[in-house]
Amino acid sequence: MNMKTEVTQVVGFNKQEPIPGYFTKELIGVGGYGEVWKTHAPGGLLKAVKIVYANLNSKRASRELRSLNRIKEVRHAFLLSIERIEIVDGNLIIVTELADQSLKQHYEKCRATGLRGLPRDELLEYLRDAADALDYIYENYSLQHLDIKPENLLLVGNRAKVADFGLIKNLYERSASLIEGLTPIYSPPELFEGKPNRHSDQYSLAIVYQEMLTGELPFDGMTAAHLAAQHLQTPPALRGLPKCDQPIIARALSKNPDGRFPSCRALIGALIEAGKENAEVVKDNAAGRDHRQAGSSAAPLKTEALAEGSFELVQSQSITSAKAEDWAELASIELDENAATQYAPVLFVGIGGVATRTFRRLRARLQDRLGTMDAMPAIDLLLLDTDVKNLNWATGDESSAALHVSETLAMPLRRAEHYRSAAGKILGSISRRWVYNIPFSLQTEGFRPLGRLAMVDHSKRLLDRLRQALTKITREENVATTAQNTGLNLASRQPQVYIVASTSGGTGGGMVLDVAYAVRSILAELGLSEENVFGILMHATPRAAGDRDKAIANSYSTLSELWHYCRPGHNYPGDRACGLPPFHGNNRTFSNCYFVHLGDDLSETQLDTATDPVAEYLYSSAVTPAAGFFEKCRKIEYAPAGAQPPEPVLRTFGLCQLGGSNSDIPTIVAELLCRDLVCIWRSGPPNTVERASPKLTETVALIAAHDKTKQTRFFKIEEQAAAKAADLELGLEPMQAVAREILGQEVSGDVESYFGRLILEAFDAPRAEADGNDLTRVFAIVDAVLGDVARGDEDGGDANFDSLDTVLNTRLEGRAGKAAAEIRDWIFDLVDASEARVEGAKQAAEWFQNLLRTMERTTVNTAGHLREQIGTLKDAVLSDDAGRRAAGASNTPDAKLLREEKICLFEYARLRLDHVIESSVARWLRLIEGQVTATLDRLQEFWTDLNNLAASFDVTPRLSDAFDRSAAPEIVHNNWRSLLSDLINHREDPQPGLGGFV
Amino acid sequence: MATHADAHEIDDGLRSILLSDDNFWPAEPKSIRETGLNSSFIEHLICKYLATTGSSSGRSIAESLCLSFSILGELFDSLRTRQIVVHAGAAPFNDYYYALTDHGRSRATAYLGESGYGGPAPVPLMDYVLSVEAQAITFVAPKYAQLAEAFRDISVEPKLFASLGPAINSGAGMFLYGAPGNGKSTLARRLTVCFGQKIWIPQALLEGGQIIKLYDAAYHHIVEEDDGTLLRCQDHDCRWLQIWRPTVVVGGELTMDDLEIHHNPQSNVSEAPLQMKSNCGCLLLDDFGRQRIAPNELLNRWIVPLECRHDFLTLANGKKIKVPFEQLIIFSTNLEPEDLVDEAFLRRIPYKIEVGDPGVEEFHFLFKLYCATFDCEYRKDVVNYLIDTHYRSQNRAMRRCHPRDLLMQVRNYCRYNDLEMEIRPEYFDCVVESYFAMVLKGKAKRGN
């Protein structure tokens, strides 16, 4: 399809308002047909407007108009409703309802989240809607849509609607050409022949189903012509679909329309039914994610996949794959750190190209760690390969990785004529077709039988070399020399033999089992234990498609063979052609066999990287303290329930390197450290619960313990704050006392007696005529000394002296500043205290803030009450006095009255004094609180800054990348984190070796 | 990662390679070295080809030489550098048309003088020898079922069947004797079918600088290319052809020369002998004893090959080569074996199977069979009439060929007289006269 990407400019056509009242807002689609715009329609509605430019595509426009005339009378809930059809300046304009998105867009969103496609159930919902609509238009109007594709299925609400009727066709009308405008990916074969059928839409719908579910198309043609040919001839590729769906989609994709389902609904119905019947598969698929298993635990699954493949030899149900719990079991292996690890003489036997890569790496590791290979005669390598070039590469350079020629054994194939004389012997164990089909390259080219042929051909040399190597590594003096030179505790002569090969290669896959039996027969011959013959089988597929299948087939057959030998009641029959005796009784090929999936579609470089962990494992398992751990791992029995006698077990291992120098993990660790440090600054010691805890009970205990510590911690902070408050005499009574004391100092004596004297003096003083009322004057004097009750904080009174409240406030301001500074300093000190940090400081500041606010509220309330009492008293006294005056009482009051008035005045003075004190204390508290709040704000800011800082160290995504690469399962991740936490907790005494295996 | 849900499907092509019964597959050579030929030899072939065709594109040259275009590239460059060929224009797909220069033409003439061979590139003799060993008939052991399948549409008596099976399995020679017309040849031809497979043979061989043509369209029937997926999925060496196992039938025309490499001095090209052409198949010596060479002579020639399963042939340049002698040899004769050869030879041909005359029942059965073939109604009474009138009363022996031959004559008779094809006593009366007159005369002369 030729898609135009630029928006078309048409002269004389107002695109902003194609139809009066409809204002285009946003372009939502451009295609060969024209454009679709999101449009403001009259009434504030949003509509979709499709513009088909007639002058660009008059055929298309007229066809579309014809189609519209067919469809415009058809109404169905799942057909996108057409609201207006106009022809403006010869351009066709169609107004339809506006959908949320197309199925295609929805699918792309799902893909962006890492899903393969839409969840099956959801997809079937949509397609059922579409099927309803399609069946409806056929059954009632004999119409076929003929352009069903994900772009034309629009989602409105949670339902799907069929849109774009550009090709819709009445089956009983003849039409000139259908080819133009159709979408070849989804078009049924009959459409290419111009003969649409009542089942045509069903075909497209089936393709839409497959694509939306799996992201794969049944036909992969890149050009219209190629696709057409495929639609017409090639059977569809349905491999990506769940098994239960395959026959259904295959039927819907029949080349012969009559072979399909009777209706679209029947197709969808069948899919729904199949889903119910096969709930597990669907569930599996509903998750939709690529089945990427954590780490190498996937390897046994792969085995199952092979077993379930097109060959049906191995009963897959008998293969039990490791489960998540097994990891926990691994994690729970306890190692006695004090016990010295015991090592054994080791022979590594590698077969084929993948083993060569592994061995180069392994040799480099051994030499780097233990010195030259000559210094450790009890550790030896033997690399076998049919490919001499590969061996030359293995031995070819000067690096420590290069194998010595004596560590290799070339077992090249020879031309067929060389085998003719020995044919009788060889043909006993290999089909003649292989003997006569040796490639010109004289390599196995990925055929296992050829690997075996080379082994049979070179069997004598091979056995000699193995005998030589095993004799060498187990010789007493060699064991002693090695122990001396390497410092390894080589306690026994009983050797370990690791047989390393790729099962997917011709050489490795063809020889490995025979080589294992060869090793065992020699061990028996030398009187050594056959206990520790380990198989390290690797599987990888290369890029080229043909080779990939070959690799899979090879692994399949190697594993089948291994399976056969390991089953009770079967045994290795021996091979007279290469002098191997049959094995009876304990006939398992390996005492422990590992199967490692290196990866699929690997390039040479990737293969190199992928073999690194294997080399690392071999190295660790043979000559590092990790050996003890692996030994214990091997002791774990994986017995499937009810398996009697024990079934063969394939083990696997994953490797993740911690603190390795060649990865970005150190950076991540550093950043994690920074983050944790920031978090400590922020909140004190790290949360212990986050640490991995292998056992549930322990976790619970930890949580409980943690909760307790948390409470205790903050409880302590509050206690401390209270102590501090007490220390600072932050309390109503002490503060009132202080205020009273200040007032006393001001009046040089007891403040109450001062007022007594003052009132008496005022009372007894000669009265000036102008003064009028005596009582008013006394009130005025008291007020002048104490400050006006109503004045509050305002300045005023006599300019010559400050009233007592002003003096008091000024004096208290100084004290408030001092107290606030002390509190602030104390809080800031908390930030540095390891048990409090910012969080604790905040807690303390808030505590102070609360305390001060509460106290302030109390004082303000008290002051309010006092003010009311003062007002009431003053009014009462004055009104009594005024009343008396009005009654014409003499100017000289009687003594009783005078005493009463004095008592009232004393009371007034006392109340006024209390009020002044309360107000001052309130003000004092307010001042301190203001400072505390400021402190708290600063802490809050700091807290936010720290959070941002911590967030900037968010390494989680990269962390998971790093772990993905090294394929570490969750438990490893957790253990690593716990190690890290330990490091942080004891950073005064950091552990030197963070690296290691888990 | 694959799981249960998406088990890996092995590509059909690979599966058919892995599981195929083919013992031999000529893999496509990836370099000149892998062809087993040297580059100057191939250059000669290219020059000779261009001398006869004028100009040709690189690809068509490669096609005619049955070598892949990719390995010839360097040779074309070298020829051009040495000014033996020139580009005569561009050809599609990154290719050129090549033509000989004058210099090249004179060379080509010289090459043609040395050897006129201009066909597909040959295969080294050793490759051929291995291919025969791999595909030898000795390793295919046909069971009863295969035999029954091969003789499905002809009538074989159970007794004969029982003795044929082991004889075929021996892979050595056998005598089929009995009166003429009883289907010895038919039987012999059918035998190859039960080996059932296709084999690969090279079109020509190269040994000691001599080219020996092996492929002979008369005996070798090529398997159509679109037959299986195998061919499409894996490239094979085009110098090899996949054929049905050959059945080489020789009659009286056999001479001693046919058993040696036949060298044409003009073209300096040799032709493989019959026994080589029949390797991996069947060699049927029909009418043994009637050859132009005496039976003793023939058997003397083959006494060693029959024993050792290889033959020595002499090339035109005098070199003796050892070639496999791996075929089922059937001597079919209407003479008694004892009359033909002495005991020493008979010992080397371990199976002697007599193909006798059919009984009345089988005769009826044969009529029934052929009536169906000729699309007419089988009438038992008419056949009984025939037997009574023309066999029993005349003391004539029934032969397996009679029903077919007589019906053929009846058909011709009906056709000529514009009658509907059917069997009637009077028709038989007519045709019997002409048919037996000749046969009987011959028989009288020979035997009685």
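## Aromatic pairs

At 0% relative accessibility, A:F359 counts as buried (under 20% relative accessible area, with a 1.4 Å probe and protein chains only). A:F348 is likewise buried, its relative accessible area being 0%. In this predicted model, local features need pLDDT of at least 70 and side-chain atom pairs count only at pLDDT 80 or more. Residues are numbered from 1 along each chain as its sequence is written, and side-chain values use heavy atoms.

Across all chains the count comes to 23 aromatic pairs, a pair being rings of Phe, Tyr or Trp (its six-membered ring) with centres within 6.5 Å. One of them joins A:F348 and A:F359, at 6.4 Å centre to centre and 80° between the planes, which is edge-to-face (planes over 60 degrees apart). Because A:F348 lies in strand β11 (residues 346-351) of chain A and A:F359 in helix α12 (residues 352-370) of chain A, the pair ties together parts 11 residues apart in sequence. Ring pairs also link A:F348, A:F359, A:Y498 and A:F534 into a cluster.

## Helix packing in chain A

The axes of helix α29 (residues 804-832) of chain A and helix α30 (residues 837-886) of chain A come within 6 Å and cross at roughly 155°, the axes being lines fitted to C-alpha atoms over the stretch in contact. That makes α29(A) roughly antiparallel to α30(A) (angles over 145 degrees).

Definitions and conventions
Chains lettered and ligands numbered in written order. Axes fitted to C-alpha atoms, helices over the stretch in contact; angles between N-to-C directions. Helix = DSSP H or I, 4+ residues; strand = E, 2+ residues; numbered from the N terminus. Parallel < 35°, antiparallel > 145°, perpendicular 65-115°, else oblique. Phe/Tyr/Trp six-rings, centres within 6.5 Å; stacked < 30°, edge-to-face > 60°. Buried < 20%, exposed > 50% of the residue type's maximum accessible area, 1.4 Å probe, protein only.
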